[in-house]
Amino acid sequence: MFEWGRVIEYFPTIIQKFPITLQIVLGSFVMGVTLGCILAIIRIRKVVVLDQIVTIFISYIRCTPVICQMFVVYFGAPAVLKSLGVDIAEINNIVYVLLAYGLNMAGFMGETIRAAILAVPTGQTEAGRAAGLTETQTMVHVIAPQALRIALPTFGTIFISLFQATALAYLVGVIDMIGKAVSIGAKTGHVLEGYVCCAIVFALISIVMEQIFNYINRKLDFGKSGHKITKKYRVAKKVEEVASV
Amino acid sequence: MINGDYFMMCLKAAITYIPQNLMMSLITLAISVFVGTFIAMARTYQVRGFKQLFDVVLALLKALPPNLILLIVFIIYNSNFTKIMQVLHLNISIKDVNLMYVAIVALTICCLPGISEVIRSGLMAVDHGQYEAGYAIGLTKLQTFFHIIAPQAIRAVIPPITNSILSLVKATALVNVIGVVDIMNGAKIAGNTYYCYMEAYLAAALVFWVIGLMLEVFSHKVEGIFSQSVKKLA
Amino acid sequence: MSVLEVKNVKKRFGENVILKGIDLTVNKGDVIVILGPSGSGKTTFLRCLNLLEKPDSGELDLCGKNYNLQKVSNKEKLEIRRTSSFVFQNYNLFANKTVLQNVTLGLTLARKVKKAEANEIGRSFLDKVGLAGKYDYYPAQLSGGMQQRVGIARAMAANPEVILFDEPTSALDPELIGEVLMVMKQFAKDGVTMIVVTHEMGFAREVANQVIFMADGVIVEKGTPEQIFDNPQEERTKTFLKRILKTEDQVQLV
Amino acid sequence: MSVLEVKNVKKRFGENVILKGIDLTVNKGDVIVILGPSGSGKTTFLRCLNLLEKPDSGELDLCGKNYNLQKVSNKEKLEIRRTSSFVFQNYNLFANKTVLQNVTLGLTLARKVKKAEANEIGRSFLDKVGLAGKYDYYPAQLSGGMQQRVGIARAMAANPEVILFDEPTSALDPELIGEVLMVMKQFAKDGVTMIVVTHEMGFAREVANQVIFMADGVIVEKGTPEQIFDNPQEERTKTFLKRILKTEDQVQLV
Amino acid sequence: GCSKSDTKTVETTKGSEGESEKDASDKIKVSVGIGNIFVPFCYLDDDENPAGYDYEVVCAVAEKLEDKYEFTINPDDFSNLLIGLDTKKYDMAVHHFGYTDERAENYLYAEEADMYFGSFHVGYLKGRTGITDFESCKGLTAVTTNGTMAETILLNWNKENPDSSLKVEYATDLSVIATGIKNGLYDVFIESEYDLNLFNSKYDNVLAYSDYNITPEGYNDGAYFIYPKGAEELQQDVDTAIRELREEGILKGISEEILGKDYSKK
Ligand SMILES: Nc1ncnc2c1ncn2[C@@H]1O[C@H](COP(=O)(O)OP(=O)(O)OP(=O)(O)O)[C@@H](O)[C@H]1O
Ligand SMILES: Nc1ncnc2c1ncn2[C@@H]1O[C@H](COP(=O)(O)OP(=O)(O)OP(=O)(O)O)[C@@H](O)[C@H]1O
Ligand SMILES: [Mg+2]
Ligand SMILES: [Mg+2]
């Protein structure tokens, strides 16, 4: 049923698709973070109407399988674009994939980012205000860097799991690594070996990513794990409730 | 564009698979929580050997595509079942065993890393002083864990574990690879009669959404119960 | 000449009326100490002065400008905050900034001071609070006393007309309280205008020129430290002082 | 007759030697106060006595039984912890248990007392610390002072031979310190044996029959409160007391 | 033949001349949705260009109709094709579709099949005896893939012969089917002769199949292109083209080249 020989045989073909997988992962990750920030701020500020819309959107994203979301984008987006006068025939299918995964990421990232921002002690915001900074200045210079540190581990997990999640791209005709494994499977009847190729690559990536995230984590340490002069604080420890993804 | 009759047909098909789906999710969850807690404890209490072992195993599991896990589990199960039954002198045919259980094993492997991680963070969210206070009044490690730590960790764990359950319920859509039908594929099989896939997707999405919303409400309730002790008096 | 004058500051949280109309006049160089039982609204009052809490009503004269506290615009808020400074009980240093950056951030961003100049100002204030050489530490690497001194340097660097202190030493170890009070005393001697919520009676007696006793959202009594501590008029003041002193009795035995 | 006697307790964390060989004898009814600068190892010493920290060496005689601290079995650990009690600086009440359950949990689980009886014992101790009527509150619903009194009731209910207190009042608001010290004083008068790490000098002077000054992991000086406070022999003791008193000077002026 | 260039638009050898005669914008644009992993009928080859029997037929048709139509090929997943027709994304769907009355209610079927499935047979583990026709499989477990002709035949049999019905299990992955058959999880696998042979070539000839043709009498075993309702003109034109291609023997050529045997006639 399974032969290492086939793993070696398929590997070059599958690794060729790495750029596509990477493109989907990076694209949707960046889109997810950007959009997620906006969603998070809408929810934290409780912007009228938008807040409700975002809540429903996030609930849909959280509760339904990606395949349903992909389907909405794949058939919904052209309808919207057509009505805007865009020639949809010109649009590469990878755009729909990026859009679908980007929106999906945004839903999850939005919640992560919101939780991270809320986990930064309110005293930090107040200190910013008291120092005469505007809301935006406080957000950019004080809250965001600290929230980033809190959100980073979740970002790392989401990012790594995204490599697997892109598997559905082939459903709209974009062949990434897993799509290639599936299509080799369709042709030869041996899908297992293709998946193993993907697993090897993903495992390597997750090891590398872990190093990278650890590095960023250390960069954003703000002296917390460095030498401390005292360890004692009389203030009762506040239990931080970090919501999660 | 959407045909009401077909939609209802797909919806009905999707709904008939809810029990199967929830049962798979629940059993998977139960096993994962049980094993996950064990692993999480080994890692928080830094049990030598186990910790390193689990660190590596969990990292590896995370890298495996779910479909691969499903196929491997299926193939291993299938190729060895009859032999094992013969060795055990049991007269059980492979056909008598519901494939759902094979799916459950695979799903458990898929979601074990995540759930174990969630439980570990829940355990770490409990203040270290709580352990010490338990030891200081003469409780054993186990007594401290069950009476003090676990009840507090549960509260911290509920929101993230709700997420895990949600993704678990959705992940059951993958099991059609090995021939187990769930909500998603039930709807698609129904839709196949008329090629009405649009209705099938929508019906499945609706069912998943409703399940998700109910889970969220439920988890809020449970969280409320476990939060009683930390609510300040008005 | 009065630097700051507030009239009729009221604030409620939901049903609870916390501040029931507070008036206060502060002259240049004044050090005003506010005392009062827990929950009496001292913190809330200070926060209202800096608009960290939005008062329900009240009027503020700050450096000759008049503000209706009930409806200050965002611009006015920034203006008020750039004229006064706040020192927090828990220091609230920017966790992601070094000590020096903590002090200069308000200067460069809010007051548009050039970076080099801001660094110079920052360093000089850090030197004043005895933190020369700690410029590049992160808050997490400092003791509580040091952190609070950075907090004071940050507040001072903004060159404010008045500094608001909310129990600046109550989160500190007994050993570390002294160093912070010393710094505050020095600034008071230099003529810095301060409003200080504190239970440090020694500090109040030595430095304050007015002590205000608050309870249940109103000012019960005010006067010089001698008047309040040695000869309180109101029953509530007496009870409060007695309760506080019962604790401190222990120490007086030494 | 000595209740507790330790010899040569040593403890290091990695490179840092924290306890360099501490000896202590405690007789029945003794109240021993331990003083010392931050980081001198006071907490570590108390934690070693209760085996919350594993000492690197040392010998313990507790109620006639001898333990080698370097290699206590799990059973011995439980035994030691059931003979002594610990009161934490941050109370460490069980957040998921009511006040009464906090007090009875050790009885029912560790000492196999019947539930009804445990509740009775629990209630009587809560009454003693002035918390009658708060039985069913959760810790989060109480003030710090009340929480610490629950902590003391929990420690007392176990009927221990000796109670270890680690800065029991240092996390409390000044107003709330008094109530906790009062409770401790009462128990001391009742003849409960205690080892207390605290900076409350008044308490030490009034209640202690021995004061121990620790620094850098060794006992620098010990004696009656009068000996230590009024006539310290060692240079380090003098410096420390001077520094502590400088802070408290402020209060003495009142 | 068909160009395998990167552009999805089908360019024929005569295409350039055609364009000069007639402006491209005058041509009716036809967007064809075609399967992307259905070997050997419509799939993407190693260079990700569409390939397979159905694809070649579409190309041949496109060439024939190039004066009137401009075909664009969009490889896509099976279940997206029909939704694509609903949402007007595609004007024509190609995926080796079998015919059923239910589906004909919603979509316009071609009248001309582009090929015939040939005979369907019962496949079983080599060495097993006693399996011939459906009747002999009574009570056994049959495995099938959702959405195939074989599934329809199987379900129809069960509906019409409840007394001798088979247990139906679904599997999407052929390797699962192979493992299942080998280990006794499934008893029989019903497919067209062509597919059974293909299956055997992939999985070490595990299967044997009886000669008995289980396709019901008068059963429509053609594979058709599908159009949205109302696209009769396009359908007629394409059908005419296919008819001509069949008569010219071109379909036979494609079939023999790709499938190894002539499936172009009934
Ligand atoms: N954001 C808020 N929402 C609701 N109630 C609040 C809020 N902030 C403060 N309060 C309430 O207002 C009252 C006064 O609080 P405040 O902190 O001003 O008292 P305080 O005099 O500073 O006391 P302490 O000495 O304990 O600091 C308290 O009863 C408190 O519960
Ligand atoms: N778990 C630990 N790991 C490493 N070092 C520790 C640990 N616990 C304490 N220390 C170190 O041991 C030294 C003594 O700490 P300890 O808490 O016993 O001092 P202390 O006398 O109680 O001080 P304080 O008055 O601040 O409570 C400190 O330098 C501290 O950093
Ligand atoms: Mg306050
Ligand atoms: Mg200590």
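Which residues of the largest nonpolar core touch the most other members? They are Phe71(E), Met92(E), Phe225(E) and Val238(E), in a core of 297 residues. Keep in mind that this is a predicted model.

**Where chain E meets chain B**

- On the chain E side, 34 residues make contact with 25 residues of chain B.
- Together the two chains bury about 2,500 Å², and carbon and sulfur atoms account for 58% of that area.
- Between these chains, 10 residue pairs are in polar contact.
- The elements of chain E that each give two or more residues to this side are helix 3 (78-86), helix 4 (101-106), strand 7 (107-109), strand 11 (167-170) and helix 6 (174-182).
- Helix 3 of chain E gives the most, with 5 residues.
- Sorted by class, the side of chain E that touches chain B holds 12 nonpolar, 14 polar and 8 charged residues.

**A salt bridge to find**

- The interface of chain E and chain B has 1 salt bridge.
- To spot the salt bridge, look for the side chains of Lys95(B) and Asp187(E), with N and O 2.7 Å apart.

- A second, separate core has 54 residues, including Val129(C), Met156(C), Leu181(C) and Phe187(C).

Note on methods: Residues numbered from 1 in each chain as written. Chains lettered and ligands numbered in written order. Predicted model: local features only at pLDDT ≥ 70, side-chain atom pairs only at ≥ 80, totals over all residues. Heavy atoms only, no water. Contact = heavy atoms within 4.5 Å. Buried area = accessible area lost by both parts, 1.4 Å probe. Salt bridge = Lys/Arg side-chain N within 4 Å of Asp/Glu carboxyl O. Polar contact = N/O pair within 3.5 Å; in protein donor to acceptor, adjacent residues only side chain to side chain. Helix = DSSP H or I, 4+ residues; strand = E, 2+ residues; numbered from the N terminus. Nonpolar A, V, L, I, M, F, W, Y, C, P; charged D, E, K, R; others polar. Core = buried A, V, L, I, M, F, W, Y, C linked by side-chain atoms within 4.5 Å. Buried < 20%, exposed > 50% of the residue type's maximum accessible area, 1.4 Å probe, protein only.
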